[in-house]
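Here is a short report for a reader meeting this structure for the first time. Please look over the sequence and the model before reading on.

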Amino acid sequence: MPQSLQCPIPASPLPVQAEVVEDSNDRWVTSLREGDDRAFDSIIATWQKPLFAFAWRYVQNSAEACDLVAETFVRLHRKRLSLRADTRLSAWLFTTLANLCHNHHRWKKRHPTVSLDNPGRSGGRVETDALPHAEEEPPTTHMEREEDATALKQAIDQLPHDLKTALLLHHYEKLSYREIAGVVGCSERGVETRLYRARQRLRTALSGRLGN
Amino acid sequence: METDPLDTLLDRWRRPPEPPSNLGQEVWRRIARNEEATTGWRMRIEALYSRPSFVLALVAACLATGFLISEFRLFRAPMENSQELARRYRTLIDPTFGESNTDRTREQRGEPLDWMKVELQLTEAQFERIKAIHERSSPHLVALAGQVTRLRDELAAFERERRTEGSIDFLAFARWADTQRSVDRECSASTRRLVLATADVMNEAQRIRYLGLLGPLPGDKNILH
């Protein structure tokens, strides 16, 4: 997998304006079906941040997340002429990306590697902690936060694909149950169940840290 | 309202990095690379088809394949026809052959031996002798076929009784099995007699072809020699 993209600077994600996206969806789909490349550029500009954020949390590696997001857009471009008129772009993009992340995750499990940056961890999975912390906090508190972050990432990484996808889309991307149901291919009730199970598993895995 | 400690922990992991500024360019670069690869294949195929020698060779190969397929079908059709005729003939001379005797009844109304004349290239004299042998055997074979049919009906009745009442009259079934064995023996013997008598009329090549078409006879591993 190419690792040529650079993703260095941590920053706050800009949330996608739901109303704007909702209004633009049909126009974008129509333009895509007509082969309009400017519409495709607009879609990249609008969706790259939420998609990247999801992929980054899923694979916990910036370069790999960039690669997967780029591949998602390439697939959208390849399928643009055969899209149905009622396609929901958000669901299409997140579904494709989630599947790519899942395949990538399985591939990494079958082909473990050792990162040069983090030799202690297989696969170079977890990068420098991205949890916010105050500069003035004492070193012990900072260390505890680092440990909490590592434990949380590991616990999320251990979740099965369906539970992980539902949790990441709901908690971090703020998608509704209906939107998540469209992505993972189940009912809204099914999403609720998956979120409950994901949280139960996280509680079990992080039981020693949640009391603090 | 108290906040769930799990939500607090999850909320701490809120800051993903910014996606790369050149992500759009990277996407377009990959799209261009894919299109080049697709176009490359298409151009190669087009170049291949633009060569007259390749087109001629392709047409010749298609024609040759078509010719071989038609030849194969022409070769197979008479062979399958002969096997079907032999199967019907076997039904005629062997009362135990096949599932029912409906074919036998139908064959007896037509001219069941005509195929042998053509297939085995029999002379007129041979054909007349074979016809006479079959006519002599016919009443006995018809009687045996009637017995076989009756025994099959009785077996079906036993099976119905077993299913509906859960048991059958063992002595009656033992008598049926005994009769079945003797009828089977008689069928095998009469079929064998008829086939051997018919084969005796033929020359060696005709005999081999005749016995080959009939396949193995009941209770007989090899009657060619």
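The report below covers the interface, its salt bridges and a surface patch.

## The interface

This is a predicted model. Chain A and chain B are in contact through 48 residues of chain A and 26 residues of chain B. The size of an interface is often given as the accessible area lost when the parts come together. Here, chain A and chain B bury about 3700 Å² between them. Carbon and sulfur atoms account for 65% of that area.

The rule also finds nine residue pairs in polar contact across this interface, both residues being at pLDDT 80 or more. Which elements give two or more residues to the side of chain A that touches chain B? They are helix 2 (37-59), helix 3 (62-79), helix 5 (139-158), helix 6 (161-172) and helix 8 (188-205) of chain A. The residues on that side divide into 27 nonpolar, 13 charged and eight polar.

## Salt bridges

Over all chains, the structure holds 26 salt bridges. Seven salt bridges are found across the interface of chain A and chain B. One pair is A:Glu71 and B:Arg30, with the closest N and O atoms 3.7 Å apart.

Another pair is B:Glu18 and A:Lys49. Their closest N and O atoms are 3.2 Å apart. B:Glu18 lies in the loop between helix 1 (5-12) and helix 2 of chain B, and A:Lys49 lies in helix 2 of chain A, so this pair joins two chains.

## A nonpolar patch on chain B

Which residues form a nonpolar patch on the surface? They are B:Ile45, B:Leu48, B:Tyr49, B:Val55, B:Leu58, B:Val59 and B:Leu63. Together they have about 600 Å² of accessible area.

Helix 2 (23-49) and helix 3 (52-93) of chain B each supply at least two residues of the patch. Helix 3 of chain B gives the most, with four residues. B:Tyr49 has its place in helix 2 of chain B.

Technical notes:
Residues are numbered from 1 along each chain as its sequence is written. Chains are lettered from A and ligands numbered from 1 in the order in which they are written. This is a predicted model: local features need pLDDT of at least 70, side-chain atom pairs count only at pLDDT 80 or more; totals for chains, interfaces and linings use all residues. Side-chain values use heavy atoms; hydrogens and water are left out. Contact means heavy atoms within 4.5 Å. Buried area is the accessible area (1.4 Å probe) that two parts lose on being put together, summed over both. A salt bridge is a side-chain nitrogen of Lys or Arg within 4 Å of a carboxyl oxygen of Asp or Glu. A polar contact is a pair of N or O atoms within 3.5 Å; within protein, one must be able to donate a hydrogen and the other to accept it, and residues adjacent in sequence count only if both atoms are side-chain atoms. Ala, Val, Leu, Ile, Met, Phe, Trp, Tyr, Cys and Pro count as nonpolar, Asp, Glu, Lys and Arg as charged, and the others, Gly among them, as polar. Patches are made of residues with over 30% relative accessible area and no salt bridge: like charges are joined within 9 Å, nonpolar side chains (Val, Leu, Ile, Met, Phe, Trp, Tyr) within 5 Å. Accessible areas come from the Shrake-Rupley method with a 1.4 Å probe; for residues, only the protein chains shown count as cover.
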